[in-house]
Amino acid sequence: MDDRVKTVEYKIKDYGSIEKSVLENVIAELSDVSGVLDCKADDANESIKYLIAESASDYDIFSALMSICDKNGIELLFEETLSGDEDSVENVEEAVEESDDEDDLSEEDEEEKKSKKEKRYDKVENIILLSLSAVLTVLGFVFEKSNANASMWIFMFGYALAGYETLYSMISDIADKKYAAEKGMVLASSFIVLYFGFRLLGCAVIFFYSLISFLYSVLSDYNENLKENGYNDEEIKAITDKIVVDKKKLFTYDMILLGAGVLLVFIPPIFKANQYWSILTNKWLCVGASVIFFGVLSNYINSVRKCFLFTRVFAMKNGVKIDSDESVAKTSAVKKVCFDKTGVITSEIGKVIKVETENEQKLSEYVAAAESDLSDSIAKTLNEYFKNVTPAVIDEKTYVEGRGVTLKAGNKIVLVGSKKFLNKNDVKIDDKTENSAVYVAENGDLIGKIEIKFEINENSYGAITELKEDSGVESELLSADSIESVDCVKTAVGFASAVSGATSEFKAERAEKSGALYVGNADSDAETIKKAGLSIALGAKDGFENRGFASKSSDLKIVPTLVKLSARTMKICKQNKILAIVSRVLFFAVGVLLTVLTPYRLWTFWAVIGASVCDIAALFNDCRNLTEVV
């Protein structure tokens, strides 16, 4: 019996007037219909009930029922109901299990909707809190200028609203065993300067720290999009939680930073011992807090992390999955791209234009046996051409990617493959052709040749030209085909160089040794792609794994796009690194110097503003990776 069944019930018009023998005849005939597991007449409901397997065709069974009823003069009332079979506990249990599955699915959907709604509420809450904090900070500054005592409380409320998200985030990180020391340092240092009278500075530090963290969090919610494009939960977690330095190194750095801040607070005032406390609280306390604020790494780490995340988002919108950030970094530095020929530069399925043989039946049977379970471009073409041929019976089959197949049938050894493949197996062929050719030999004797023409993809010309002109990247053609065939495509498309008769090992090794990016077809060149150090797999299905990029599309335009995207990603990372270091050093140095040399108390405040603006600029610089590359 099938694992899942259902009961179908139809009411019968004028049930009481129908003879019992007629009903019994209907039941007997319906029971013989394929897919009907059980059948009976229900006197209580004045209906006919039958049990069917879920895999059975409802339409076929219903059509049979209508035919049987018409033949026996019975008319149905179409009020179909589904229920468990009261005569079978097993069936009822299966129906309940099926119902439970549907309920569970519904609950999952509800949970997902609830989660999305909560995220939206959290964002709205953060916007409101940060907006109120900004307003209160400005009001506090105005009240402070007018010497109003209320300014202290206004600043405190502004600080509390801005610091709420950072404090909550720190507690969550501690609960999840994530690194939270930096948030604690920023909260503590900003509160201390607030307490000792630098209220505007304290509010500014925590406000901008929370604001920038919020902006990065808003622009990082791409989990669902990543999942839809083939990323699993572990990969998504690795992407979204990626930290460029490990926790131990980060903790060591933060402790050194904290130590430097503490030393700058307490040591310099010693040189004026009689004014120690006054100098400490009026000048050097700001300096120590500034060291901590300007020295923390979170904004720089976030800029790097989001830059690579946005690269993945842009790529997945074009149907491309990136295996790692390292692949992007390597691709940005490539000076050469190695393209496979068949199924990449040329069409994936060709056209058989000539068959030369004295025994076409034998040749076709051998070819059908050799190519039947293969998925490369040659195989697809031949399988289509010989689709009505019954394959020869074989004992053993050995496939060499890109070369050919060896068949053993009784005492016969049959070779089906390229000229180089047959030559290597002691079948000498001097034939020359500009098209792809498959040769067939039996026990060392050539019995035929099949010539296949693969059209050059129209985007091949543009992709090669774009790589050269826009990125300065040379292109090389790699193929297992003959010299004549490869040279013809090389000249037509405009490759800088080409290699013919190449095995999968040679292709992978040549690309890796020259630091090149290999481009192959996910079906035809799977073995080469797995061996290559860095590759783009065209026409890859979900779950395809390689070191580099897996593109669902076979369109070659994606190749220069990914090369330029990778180069732009690394350029943005470099720009943001310079921006982070220069802005912090510059604003910190100027702010501290002016704070120490002048009585004006707000130099560090303006320094914090300047550095924060640069951090926000770095974020918008990251967003360039969400736009088209040129």
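Asp-325 and Arg-312 are both buried, where buried means under 20% relative accessible area, exposed over 50%, and partly exposed in between, with a 1.4 Å probe and protein chains only. The two residues form a salt bridge, and their closest N and O atoms are 3.3 Å apart. A salt bridge here is a side-chain nitrogen of Lys or Arg within 4 Å of a carboxyl oxygen of Asp or Glu. Because Asp-325 lies in helix H12 (residues 325–332) and Arg-312 in helix H11 (residues 298–317), the pair ties together parts that are 13 residues apart in sequence. Helices (H or I, at least four residues) and strands (E, at least two) are DSSP runs, numbered from the N terminus.

A word on the model before we go on. It is a predicted model, in which local features need pLDDT of at least 70 and side-chain atom pairs count only at pLDDT 80 or more, while totals for chains, interfaces and linings use all residues. Residues are numbered from 1 along each chain as its sequence is written, and side-chain values use heavy atoms, with hydrogens and water left out.

Let us stay with salt bridges, of which the structure holds 30. Glu-509 and Lys-513 meet in one through their side chains, at 2.8 Å from N to O. Both residues lie in helix H19 (residues 504–513), 4 residues apart, which is about one turn of the helix. Glu-509 is partly exposed at 41% relative accessible area, and Lys-513 is exposed at 68%. Elsewhere, salt bridges that share partners join Lys-354, Glu-356, Asp-431, Lys-449 and Glu-451 into one network. Within it, the side chains of Lys-449 and Asp-431 meet at 2.8 Å, N to O. This pair links distant parts of the chain: Lys-449 is in strand E12 (residues 445–453), and Asp-431 is in the loop between helix H16 (419–424) and strand E11 (436–442), 18 residues away. Lys-449 counts as buried at 7% relative accessibility, whereas Asp-431 is partly exposed at 26%.

Met-152, Trp-153, Met-156, Phe-157, Phe-191, Ile-192, Tyr-195, Phe-196 and Trp-277 make a nonpolar patch of about 990 Å². Patches are made of residues with over 30% relative accessible area and no salt bridge; like charges are joined within 9 Å, and nonpolar side chains (Val, Leu, Ile, Met, Phe, Trp, Tyr) within 5 Å. The accessible areas come from the Shrake-Rupley method with a 1.4 Å probe, and for residues only the protein chains shown count as cover. Helix H4 (150–175) and helix H5 (181–195) each supply at least two residues of the patch, and H4 gives the most, with 4. Trp-153 sits in H4 and counts as exposed at 54% relative accessibility. Ser-190, in helix H5, is buried with a relative accessible area of 1%. From C-alpha to C-alpha, Ser-190 and Phe-293 are 8.6 Å apart in space, although 103 residues separate them in sequence.

Helix H1 (residues 20–31) is worth a look too. Its 12 residues reach 16 Å from first C-alpha to last, close to the 16 Å expected at 1.5 Å a residue; the expected span is 1.5 Å times one less than the number of residues. Leu-23, Val-26, Ile-27 and Leu-30 are buried in H1. They lie on the same side of H1 because they cover an arc of only 100° around the axis, the arc being that of the directions from the helix axis to the C-beta atoms.

Finally, the cysteines. With a disulfide taken as a pair of cysteine sulfur atoms within 2.5 Å, the count comes to 0. Cys-623 is in no disulfide, and the nearest cysteine sulfur, that of Cys-307, is 10.0 Å away. Cys-623 counts as buried at 17% relative accessibility, and Cys-286 is buried at 1%.
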